[in-house]
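Subject: Structure handover

Hi,

Here is the structure I said I would pass on. Have a look at it first, and my notes on what turned up follow below.

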Amino acid sequence: MEGDELPEPVCETFQIQDFYQPRMVSEGFRFYHLEVEVEFVYLLPDLASRFAAQGIIHTSKREKRAFLINAGALLHDPRAKHVVRDVLGEMGVSSDGDHEFMVEKILSHAIAMASDERNRDLKVLPMGVSISCVDPHNDEEWWLMVEGLEKVVISGKPTDCAICTGEIGVGSKGARMPCSHVYHGDCIVDWLEDSTECPSCMAKLP
Ligand SMILES: [Zn+2]
Ligand SMILES: [Zn+2]
């Protein structure tokens, strides 16, 4: 892994332009439409990168979700930090340690938006949050599981990858699960992010 530093977590906050303001039924309440997009980055250690197509070091997946939050909960509630931590937690981002600055940044942007004169008449404050951070699966135990997969070179006739439904051609590499099902290396690594079962036969990985 020499030369590969873990990337610093990033958190950008902004006001979403072109947001359609819904007619609010409940008069008097103000809300945040908090749209959070997270890009998870992980490092492929040497042994695991042998499954990647060709020398890929970082790979990532994106998640995007919107939360409707009562403005009072972010502006006045003493639990405001917990509200933001819960949002991060639901997105799979831990809010402790390295990520605590995100909580501060999101809250201070929320305050700035609420007090911006141009937003005076908005019932819904459309706020975007864009995060990039290291995948929580970037841990040793998970990599040992991924490393445990057998690398195979397809011979005889091509086989289909049940995850992407694409073909694994003769001569190209695949990753074989202990149950003997074969997938593209990249496909099964992505799959194992969320599951420890073979997508074809549901056999559990040890
Ligand atoms: Zn595939
Ligand atoms: Zn299987």
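Strands here are DSSP runs of E at least two residues long, numbered from the N terminus, and that is how the names of the elements below should be read. Keep in mind that this is a predicted model.

Overall picture first. The protein chain has nine strands and six helices. Of its 206 residues, 22% are buried. Among contacts with a separation of 6 or more, 61% are between residues 24 or more positions apart.

Now the cores. The largest nonpolar core has 23 residues, and the members that touch the most others in it are Tyr 32, Met 127, Val 129 and Ile 131. At least two residues of this core come from each of β2 (31–43), α3 (80–90), α4 (100–115) and β4 (124–134). The largest share is from β2, which gives six residues. Apart from this core there is another one, of 13 residues, including Ile 168, Val 182, Ile 188 and Cys 198. As a general point, nonpolar side chains in soluble globular proteins tend to be buried together.

Leaving out residues up to four places away in sequence, Met 127 touches Thr 13, Gln 15, Ile 16, Tyr 32, His 33, Leu 34, His 109, Ala 110 and Met 113.

Next, Lys 105, which sits in helix α4. Is Lys 105 buried, exposed or partly exposed? There are 16 C-beta neighbours inside 10 Å, so Lys 105 counts as partly exposed. Beyond its neighbours within four places in sequence, Lys 105 is in contact with Cys 11 and Thr 13. Cys 11 is 94 residues away from Lys 105 along the chain, yet their C-alpha atoms are separated by 7.8 Å.

- Thr 165 lies in the loop between β6 (159–160) and β7 (167–168). Its phi is near 60 degrees, a positive value in a residue other than glycine. Thr 165 is exposed, because 8 other C-beta atoms lie within 10 Å.
- Ser 180 is in the loop that runs between β8 (173–176) and β9 (182–183). Phi of Ser 180 is near 85 degrees, again positive in a residue that is not glycine. With 12 C-beta neighbours inside 10 Å, Ser 180 counts as exposed; the cut-off for exposed is 12 or fewer.

Cheers

Key. Residues are numbered from 1 along each chain as its sequence is written. Chains are lettered from A and ligands numbered from 1 in the order in which they are written. This is a predicted model: local features need pLDDT of at least 70, side-chain atom pairs count only at pLDDT 80 or more; totals for chains, interfaces and linings use all residues. A nonpolar core is a set of buried Ala, Val, Leu, Ile, Met, Phe, Trp, Tyr and Cys residues joined through C-beta atoms within 7 Å. A residue is buried if 20 or more other C-beta atoms lie within 10 Å of its own, exposed if 12 or fewer, and partly exposed in between; C-beta atoms are placed from the backbone. Helices (H or I, at least four residues) and strands (E, at least two) are DSSP runs, numbered from the N terminus. Two residues are in contact if their C-beta atoms, placed from the backbone, lie within 7 Å.
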